[in-house]
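This report describes how two protein chains are arranged and how they meet.

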Protein chains: 2
Amino acid sequence: MARLWLTLAYEGTDFCGWQLQAAKAGQTVQGALEDVVSRVCGVSVRAHGSGRTDSGVHALGQVAHVDIPDAKAALDWQHIINAQIDPAISIIDARIVDESMHARYSVVSKTYAYSLWLNGRYSIPQRRNFVWKAGPLDLEAMDAAAALFMGEHDFRSFQNAGTPVKSTVRTVHALTRHAGQTPDEIVWRFSADGFLKQMVRNMMGFMVAVGRGQFAPQDVSRVLAATDRSAYRYPTAPPQGLCLETVVYAQPDSGQA
Amino acid sequence: MARLWLTLAYEGTDFCGWQLQAAKAGQTVQGALEDVVSRVCGVSVRAHGSGRTDSGVHALGQVAHVDIPDAKAALDWQHIINAQIDPAISIIDARIVDESMHARYSVVSKTYAYSLWLNGRYSIPQRRNFVWKAGPLDLEAMDAAAALFMGEHDFRSFQNAGTPVKSTVRTVHALTRHAGQTPDEIVWRFSADGFLKQMVRNMMGFMVAVGRGQFAPQDVSRVLAATDRSAYRYPTAPPQGLCLETVVYAQPDSGQA
């Protein structure tokens, strides 16, 4: 077996997220990828992603590995997959890696970007599948809230119900504001050692509530302390504004793996 | 009657272009706009665009006027139309103008942008409806070709068959290269006093043929001189890379109208 390591971009609009679903649910990115690689290999393969992305969430740098027969290791996998896969998915990079590398377990940090549309009078239709039309917001108040998310916290309050996890403590390395693709947009970029289920969308939803004056920036500390998603009422940001930008891995030869 | 002046953005992907078609053809932007304004006015209205855009072509600043009953002139048309129209269309600006202003006949110049995807190994699916995947190109050769399009020429060679026009002479004011939305893209921006049918797409197609080494930059002059689209073989650039960005008008109070 050889471990094929893939970096993927996808537009999540028409997918039921990354993770394979029961047969009757819609198409998933994992399913589309497994179908192509299995067909080329002549055997059924499994793709292991760095983590799930929700239905409608996009990626520029999702990472997955697939174990393939040694005889197939030398193929031009980037070309082969791109020629056959759904055009809403693209392989940005493909290479063979050491079997000690694991797309899920070797993750050191992830970065997500969330795009907000700030103009309440109109929007650009070309951007409608990539932004949350949140309307005018107090960006300085949101910056102040963002600063309070930095560092190590128990993020249980920002986790939606789902798969149980051992610990709900995560470390946020960066939460910074950037210019968007158009002058009416703003982007927040979230980096952490890992994210709980819908954690970015809940943090973004709370920050928007702050930007609308419904909470004060310092309320971040109260909400974190509650360790309960239902303790305070604020929206979960919708999926289409979210994009998984990069996943950083420990390199096996660096001694960190 | 009052003249309602609208600036529109649209994603052209799922439309059969701007212009109203026979009943069985698909949805057009003009048709979608007329439907909403007619319903609100209670009478059938006609929208006059600055010009047609082809199926799949986008707009950030298409302009149209609609004559509406005086009693409806004070409505918040931007809000009303945006609340009712197909989400692939958005009204960027709405105002009442002097009846001497005409969306088609008062045009002074138009600017189109054309986006090319240059990476031959992969693309970003989020951009697939907004770029031509042309692959690696010699951009300096294309710049040299672009320079030869500048100024007043008979552009008959770059016109596809269609509606007859009085003159095929147009003046290109600017044809410049810009950074794209991603590092793998490049944008050419075309400004002229007017464009013939598919003129931008033919000019872009010829420039790409130059960028691929199939023609020399100085061949632009030979092709112009032929005054015949079929004299030389090169592709018409596909519609999805094209966007109508701005239309400039003579202002009635400036004495230029």
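What rotation superposes chain A on chain B, and with how much shift along its axis? In this predicted model, the superposition takes a rotation of 180° with 0.0 Å of shift along the axis, and the RMSD is 0.0 Å. The two copies are thus related as by a two-fold rotation axis. Among the residues of chain A, Gln181(A) comes closest to that axis, with its C-alpha at 3.6 Å.

**The interface**

Chain A contributes 25 residues to the contact, and chain B contributes 25 residues. Of the interface residues of chain A, 100% are also interface residues in chain B, so the copies meet through the same surface. The two chains bury about 2,000 Å² between them, with 49% of this on carbon and sulfur atoms. On the side of chain A, Arg121(A), Gln126(A) and Arg128(A) supply 29% of the area that the chain buries against chain B, more than any other three residues.

| Item between chain A and chain B | Value |
|---|---|
| Buried area | about 2,000 Å² |
| Salt bridges | four salt bridges |
| Polar contacts (both residues at pLDDT 80 or more) | 14 residue pairs |

One of the four salt bridges between the chains joins the side chains of Arg121(B) and Asp76(A), at 2.8 Å from N to O.

Which elements of chain A each supply at least two residues of the side that touches chain B? They are strand 1 (2–10), strand 3 (58–68), helix 2 (77–84) and strand 4 (89–97). Strand 4 gives the most to this side of chain A, with four residues. By residue class, the side of chain A that touches chain B divides into 13 nonpolar, eight polar and four charged residues.

**The site of Asn202(B)**

Asn202(B) lies in helix 4 of chain B, which covers residues 199–211. Is Asn202(B) buried or exposed? Its relative accessibility is 0%, so Asn202(B) counts as buried, the cut-off for that class being under 20%. Leaving aside residues up to four places away in sequence, Asn202(B) touches Phe158(B), Gln159(B), Asn160(B), Lys197(B), Arg229(B), Tyr234(B) and Thr236(B).

Conventions. Residues are numbered from 1 along each chain as its sequence is written. Chains are lettered from A and ligands numbered from 1 in the order in which they are written. This is a predicted model: local features need pLDDT of at least 70, side-chain atom pairs count only at pLDDT 80 or more; totals for chains, interfaces and linings use all residues. Side-chain values use heavy atoms; hydrogens and water are left out. Contact means heavy atoms within 4.5 Å. Buried area is the accessible area (1.4 Å probe) that two parts lose on being put together, summed over both. A polar contact is a pair of N or O atoms within 3.5 Å; within protein, one must be able to donate a hydrogen and the other to accept it, and residues adjacent in sequence count only if both atoms are side-chain atoms. Ala, Val, Leu, Ile, Met, Phe, Trp, Tyr, Cys and Pro count as nonpolar, Asp, Glu, Lys and Arg as charged, and the others, Gly among them, as polar. Buried means under 20% relative accessible area, exposed over 50%, partly exposed in between (1.4 Å probe, protein chains only). Copies are superposed by least squares on the C-alpha atoms of residues with pLDDT of at least 70 in both.
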